[in-house]
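Me: I would like to learn how to read a protein model feature by feature. Please give me the general idea each time, then the case at hand.

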Amino acid sequence: MKQVTSQDVQLRVEHTPRPGAPALLLLNALGTSLEMWDDQFEALSERFELIRFDSRGHGKSTIGTHPEATLDLLATDALNVLEACGVARAHLCGLSLGGMIAMHIAAKWPDRVLKAALCNTTPHMPPRETWDTRIQTALTQGPAVLVEGTLGRWFTPQFHQAHPDKVARIRALLLETSPQGYAACCAAIRDMDQRESIKNITAKTLIIGGMHDAGTTPAHAEFMANSIPEAKLVLLDAAHLSNVERADEFNATLIEFLQGELAPPAAQAEKD
Ligand SMILES: O=C(O)CC1=CCC(=O)O1
């Protein structure tokens, strides 16, 4: 692990070099840390120069001086991580908040992106009031009171029953998130509307959705697939954290997309 200074924060970064392989940057969900990608680590680090980090106010990264983050602030952190790792262009894979950051980078800084995987995410997540309530709850009572509700949304009942150990791993990440870090990122989501800007994404893009994801729904995934010119949509039999609930399928889908050539939309329709 290394520490990278970005703007007003110190970010905890794990960089696994692989000479000659393309770089892949992983971007975490709200209330988690780089460890949310543990089920991806082995498969991805064999094939890519893998970089994962704790977003500001999450895991062991510091909170900084912004009580309310913006997507631009969070995206600049991600680009600073790439810079510190000596990487000019990378594949991006982000889930939920991580996907929101990835789509912001792909739309605004296309030269930094090889391909983008936007997983269980959305360009717009109203209503604002929900986020204001969550911010107040996190700041006054701590994110711990939000944890069981979050886990209820993030995994299907079947997964809770079959894999309590895996759910416990994610619970621990949620519990270690600082209230201020969590609240600051909620503000970034509250203030986000990328429904127009994602039309400018030129990178080949994989959208992964969860058939049972009630927050970032299959309808959100379809909206993105219809808005981004070179997008392919795959729905997995999972709720929100599809990379944990369906890790093998998630890994295979992501690797095939990053290593293979994405067929143009017309040919894809025939193939599908
Ligand atoms: O908290 C949730 O249930 C959904 C969510 C929004 C952004 C994120 O990372 O998770």
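This is a predicted model: local features need pLDDT of at least 70, side-chain atom pairs count only at pLDDT 80 or more; totals for chains, interfaces and linings use all residues.

Me: How many residues of strand E4 are buried?

Reply: Take the terms before the case. Helices (H or I, at least four residues) and strands (E, at least two) are DSSP runs, numbered from the N terminus. Buried means under 20% relative accessible area, exposed over 50%, and partly exposed in between, with a 1.4 Å probe and protein chains only. Now the case: five of the five residues of E4 (residues 49–53) are buried, so the strand is largely enclosed by the rest of the structure.

Me: Which way do the residues of E4 point?

Reply: In a regular strand the side chains alternate between the two faces of the sheet. Glu49, Ile51 and Phe53 point one way from E4. Leu50 and Arg52 point the other way. All are buried.

Me: In which sense does E4 pair with strand E2, and in which with E3?

Reply: Two strands pair if DSSP finds at least two bridges between them. E2 (residues 9–16) and E4 pair in the antiparallel sense over four bridges. There, Val13 has Phe53 of E4 as its bridge partner. E3 and E4 pair in the parallel sense, over four bridges. Leu24 stands opposite Leu50 in E4.

Me: What span does helix H3 reach, and what is expected?

Reply: The expected span of a helix is 1.5 Å times one less than its number of residues. H3 (residues 97–108) has 12 residues and reaches 17 Å from its first C-alpha to its last, close to the 16 Å expected.

Me: How many residues of H3 are buried, and what covers them?

Reply: 10 of the 12 residues of H3 are buried, so the helix is largely enclosed by the rest of the structure. Among them are Met100, Met103 and His104. For packing, contact means heavy atoms within 4.5 Å. The cover of H3 includes strand E3 (23–27), helix H2 (71–84), strand E5 (90–95), E6, helix H8 (179–190) and helix H9 (218–227). In H9, the buried residues include Pro218, Ala221 and Met224. The buried residues of H9 pack against H3, strand E7 (204–210) and strand E8 (231–236).

Me: Where is Ser96, and what is its phi?

Reply: Start with its place. Ser96 sits in the loop between E5 and H3. Its phi is positive, about 60°, although Ser96 is not a glycine. Ser96 is buried, with a relative accessible area of 9%. Asn120 also has a positive phi, about 40°, and is not a glycine. Asn120 lies in the loop between E6 and H4 and counts as buried at 0% relative accessibility.

Me: Which residues does Cys119 contact beyond its neighbours in sequence?

Reply: Cys119 is in strand E6. At 0% relative accessibility, Cys119 counts as buried. Leaving aside neighbours within four places in sequence, Cys119 is in contact with Cys93, Gly94, Leu95, Ser96, Ile208 and Phe250.

Me: Is the peptide bond from Pro126 to Pro127 cis or trans?

Reply: Look at omega. That bond, from Pro126 to Pro127, is cis, with omega near 0°. Pro126 is in the loop between strand E6 (113–119) and helix H4 (128–141), and Pro127 is in the loop between E6 and H4. At 53% relative accessibility, Pro126 counts as exposed.

Me: Which residues lie nearest the centre of the largest pocket?

Reply: On a 1 Å grid over the protein atoms alone, a pocket is an open set of points where a 1.4 Å probe fits, with protein on both sides within 12 Å along at least five of seven lines; lining residues have an atom within 4 Å of a point. The largest pocket is lined by 18 residues, of which Met125, Trp131, Arg134, Arg153 and Gly215 lie nearest its centre. The largest share of the lining, three residues, comes from H4.

Methods. Residues are numbered from 1 along each chain as its sequence is written. Side-chain values use heavy atoms; hydrogens and water are left out.
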